[in-house]
Amino acid sequence: MKTYRVAVLPGDGIGPEVMEEALRVLDAVECKYGFRTERTACHVGGAGIDHCGKALPAETLAACEAAEAILFGSVGGPKWDALPPDERPERGALLPLRRHFGLYANLRPGVCLPELTAASPLKENLISGGFDILCIRELTGGMYFGEPKFYGERDGEVVALDTLVYHRYEVERIAHIAFKAAMGRSGRLCSVDKANVLTSSVMWRDVFNELAPQYPEVQLSHMYVDNAAMQLARKPGQFDVLVTENTFGDILTDEMAIICGSLGMLPSASLCVREGNTFGLYEPSGGSAPDIAGQGIANPIAQILSMGMMLRYSFGETAAADAVDAAVRKAIAQGMRTRDLYTAAAGESLVSTRGMGDAVIAAL
Ligand code: IPM
Ligand code: MG
């Protein structure tokens, strides 16, 4: 039987409890679609600090190296907030993993299901029928990793400096991902930049325009990031595939997440090519939500859908991945609602983390 190696990193806060549901759904999917996963569980984030003294312990990194995909929960919490920024769970685990594996393509689907428009902070008349956006964020370039970085004194003045730098090859490879993603959807691709101010954005736009003729089916447009932020809040349904650089993507994807209704619904994939295969880190877009951890009320759907993205992108198990997506939609259509989604409307049933996992498994 086909067997895939997965490094399982539940992390902190609600991470472990939502991960448990995703793994139960994975058990059910494996059974139905005839493959297996070999799972290695490891500490990461605050759990890594507590057990091994580091947010990304060496043995965790080694397990990720040996795996074909990383299924990640979430990291961070008040317990570790006093640590220096570089050692905190978020920066000490996620950024090194992204850098180590070169996970340059971050796929963040922003789907607002028609049944969940009431959970969105946007007025219902702006989003009736829901919407479905795919945001592609460049994840290993730009200001996050650009050198030099500096904070100190220069000529008697205190100065802090980050560097926003892109190499042409970095823009080209994310552009190809974005064009291909658009071809698999409606064909509409909107590239977001700040080419009226930033030189790196001028190159970004040049590269997209130069590659566009290779994808005649794709209708490419450009938008400045400030306008994109506004348009997302005004009429999100106008977008299909968005693509943007690292920092803009960080900001826009949080906005996209909240207009979808609940952070608990949104998966993500951070991808690279490794030994000819698509290697990835798959994680929910929401955080560790320490305030509700351990109560069995967190929404496990983002973790379940992230597992589904792993099946799709790293393992090529398309039918199984489609089945996971369909099962989640069915559970929602049946009225299953964790607390974050519950509006007490007719037909809704308030369920626990486990209850939502059960509903998805039943729908499978
Ligand atoms: C994200 C997060 C991270 C980022 C943080 C935790 C380093 O906000 O994945 O969007 O800024 O990329
Ligand atoms: Mg972010």
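How far does a polar side-chain atom of R108 lie from an oxygen atom of ligand 1? The distance is 2.8 Å.

This is a predicted model, in which local features need pLDDT of at least 70, side-chain atom pairs count only at pLDDT 80 or more, and totals for chains, interfaces and linings use all residues. Side-chain values use heavy atoms, without hydrogens and water.

**Ligand 1**

The residues around ligand 1 are E90, L95, R98, R108, R137, Y144 and D250; each has a heavy atom within 4 Å of the ligand. By class, 5 of these shell residues are charged, 2 are nonpolar and none is polar. Here Asp, Glu, Lys and Arg count as charged, Ala, Val, Leu, Ile, Met, Phe, Trp, Tyr, Cys and Pro as nonpolar, and the others, Gly among them, as polar. Helix α4 (residues 89-101) supplies the largest share of the shell, 3 residues. Helices (H or I, at least four residues) and strands (E, at least two) are DSSP runs, numbered from the N terminus.

| Side chain | Distance to an oxygen atom of ligand 1 |
|---|---|
| R98 | 2.7 Å |
| R108 | 2.8 Å |
| R137 | 2.9 Å |

On its own, ligand 1 has 320 Å² of accessible area, and the protein covers 76% of it. Accessible areas come from the Shrake-Rupley method with a 1.4 Å probe.

**Buried loop residues**

D240 sits in the loop between α7 (225-234) and β10 (241-244). D240 counts as buried because its relative accessible area is 8%; buried means under 20%, exposed over 50%, and partly exposed in between (1.4 Å probe, protein chains only). The D240 side chain has a polar contact of 2.8 Å with the side chain of R185. Another, of 2.6 Å, joins D240 to the side chain of S186. A polar contact is a pair of N or O atoms within 3.5 Å; within protein, one must be able to donate a hydrogen and the other to accept it, and residues adjacent in sequence count only if both atoms are side-chain atoms.

T163 lies in the loop between β7 (157-161) and α5 (168-183). Its relative accessibility is 17%, so T163 is buried. A polar atom of the T163 side chain is 2.5 Å from the backbone oxygen of P148.

T140 belongs to the loop between β5 (131-138) and β6 (150-154). T140 is buried too, at 16%. T140 and E245 are 105 residues apart along the chain, with 9.2 Å between their C-alpha atoms.

Terms used: Residues numbered from 1 in each chain as written. Chains lettered and ligands numbered in written order.
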